[in-house]
Amino acid sequence: MKPKAAAVLLVLSFSTGLVTTVQADSSSGSITANVSVNSSSAAATPKTSSVTGQTLPPLTLKQAVEWAQTNSYNTRSAERDVERRRLELKNAEKELGNSPVDYIDDAYVDNETSWRNYSSSTLSYLASKKQAQYAKDQIYFNVMKSYQSVFVAENQLKNDLEALEIAQAEEKIALAKFARGKLSEYAKNESTQARVQAEQAVEQGKIALQKSRDALNFLMGQPNGTAYEMVDRPVYKEPKKLDIELHIQQLTDMNPNLWKLEDSIKTSELNVRYFDFNNGAGAYDLAKMDVDTAKEELAKGQKDFAESLRNLYATVKENQKKYVQLEESLRTAKEALELSHKKWARGLIIEMELKNNQLKVNQIERQMEELAIELDQNEYTLNKPWST
């Protein structure tokens, strides 16, 4: 009996060190593809350097926030405004102590303008301090989103790279079949086109990754093109049980946006209290209407704020359910992967099937990480909703 001749093609994928062996049996025309799987790198979440091929300097979220706070015009402006308002209040206090006194029939009348300036300056100073904290909370949230968006872009690039590996292996199989007359030219061209599209997706993924990095660089005041290894990967934590109505009540008292509306009421009331009647009775009626309008705006703001928190809390609970579902999907995918390892070891399946099962595990793990990111941002927003 003559030995069967076989044509063997080796495909090297340099992005992850994947080796694909495409074997065409000359007698039967059957073709298989063996894809070596680096289980340790596939199972673990690769660092930034493993995706880009670079060794990158580490960057913590804390450091990113500190750079962004220093670089932020809004933060610096808010801090300057606090100092300005503090000086205005100090001057108003001096004027209050030196205000003239008119004695009329054994009584005296203080200068109402000084009291009005003092009251107004007090409100402005307190509001500026709240606004400064508000600006810092906004910067933190924006940095956190940009920082974590890099992880999402990295995950997408990993998906694209793995899809390219599969497309390259399938193209080699198609070319081998076509060479043996076992595949039409149309099908062969389709396979080539799929590989080209996969390559384009990888290039687009690299661009998207650098864009996400540059968005963070902009906030931190770093040059475009700078790349860091983000070391603070979000880890899923089951949110604590929350009495949402009590939480709404507590945050209502802390919300700087509602403080502004409350200050508007106080300012309108000051205008009525220290109204200059030389402006006419009609103007006085308008001043009182301003008080009513400000109160209505506060009531509406409080109602809208409470509803937005209830909706956000519902989103958090829904995302928790999704995470539990993904945990179950991951368990099932890992069981399928373990079974495919056993089948492959016995020669019952080709290694391509093993690789596809590994990809399913990888992709579910990335989905879970991205959902953990969303939950992390949900939690921050739930506790500081004015920062978004």
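**Entry 1**

I started at Phe141, which is buried with a relative accessible area of 5%. For burial I use these bands: buried is under 20% relative accessible area, exposed is over 50%, and partly exposed lies in between, with a 1.4 Å probe and protein chains only. This is a predicted model, in which local features need pLDDT of at least 70 and side-chain atom pairs count only at pLDDT 80 or more, while totals for chains, interfaces and linings use all residues. Residues are numbered from 1 along each chain as its sequence is written, and side-chain values use heavy atoms, with hydrogens and water left out.

Next I looked for ring pairs. My rule takes the rings of Phe, Tyr and Trp (for Trp, its six-membered ring) and pairs them if their centres lie within 6.5 Å; planes under 30 degrees apart count as stacked, over 60 as edge-to-face and the rest as tilted. By this rule I get 5 aromatic pairs. One of them is Trp67 with Tyr228, a tilted pair at 6.0 Å centre to centre with 55° between the planes. The pair links distant parts of the chain, 161 residues apart: Trp67 is in helix H3 (residues 61–71), and Tyr228 is in the loop between helix H6 (185–220) and strand S7 (229–230). My helices (H or I, at least four residues) and strands (E, at least two) are DSSP runs, numbered from the N terminus.

Are the two residues of this pair buried or partly exposed? Trp67 counts as partly exposed because its relative accessibility is 29%. Tyr228 has 9%, so I file Tyr228 as buried.

Back to Phe141: its ring centre is 5.7 Å from that of Tyr380 and the planes are at 15°, so I call the pair stacked. This pair also links distant parts of the chain, with Phe141 in helix H5 (residues 112–179) and Tyr380 in helix H10 (residues 351–383), 239 residues apart. Tyr380 is buried too, at 15% relative accessibility.

**Entry 1: a charge over a ring**

I then checked lysines and arginines against rings. A charge sits over a ring, in my notes, if NZ of Lys or CZ of Arg is within 6 Å of the ring centre and within 35 degrees of the ring normal. The charged end of Lys188 does this over the ring of Phe178, 4.8 Å from its centre.

**Entry 2: the two faces of H3**

Which residues of H3 are buried? I find Leu61, Ala64, Val65, Ala68 and Gln69. They span an arc of only 135° around the axis, so they lie on the same side of H3; the arc is that of the directions from the helix axis to the C-beta atoms. An α-helix has 3.6 residues a turn, so residues three or four places apart point the same way. The exposed residues Lys62 and Thr70 are on the face of H3 turned away from its buried side.

**Entry 3: cores**

A nonpolar core here is a set of buried Ala, Val, Leu, Ile, Met, Phe, Trp, Tyr and Cys residues joined through side-chain atoms within 4.5 Å. The largest one has 26 residues, and those with the most contacts inside it are Leu59, Val143, Tyr147, Leu216 and Met230. H3, H5, H6 and H10 each supply at least two residues of this core. Which helix gives the most? H5 does, with 12 residues. Apart from this core lies another, of 15 residues, among them Ile244, Ile248, Ile265 and Leu309.

I also listed contacts, meaning heavy atoms within 4.5 Å. Leaving aside neighbours within four places in sequence, Leu59 is in contact with residues including Ala64, Trp67, Tyr147, Tyr228 and Val231.

**Entry 4: Asn155**

Asn155 is found in helix H5 and is buried, with a relative accessible area of 0%. What does Asn155 touch, not counting residues up to four places away in sequence? I get Arg233, Arg366, Glu369 and Glu370.

Ala201 is in helix H6 and counts as partly exposed at 24% relative accessibility. Ala127, in helix H5, is partly exposed at 27%.

**Entry 5: the chain in totals**

The chain has 10 helices and 7 strands. Buried residues make up 38% of its 388 residues. Of the contacts between residues at least 6 apart in sequence, 73% join residues at least 24 apart.
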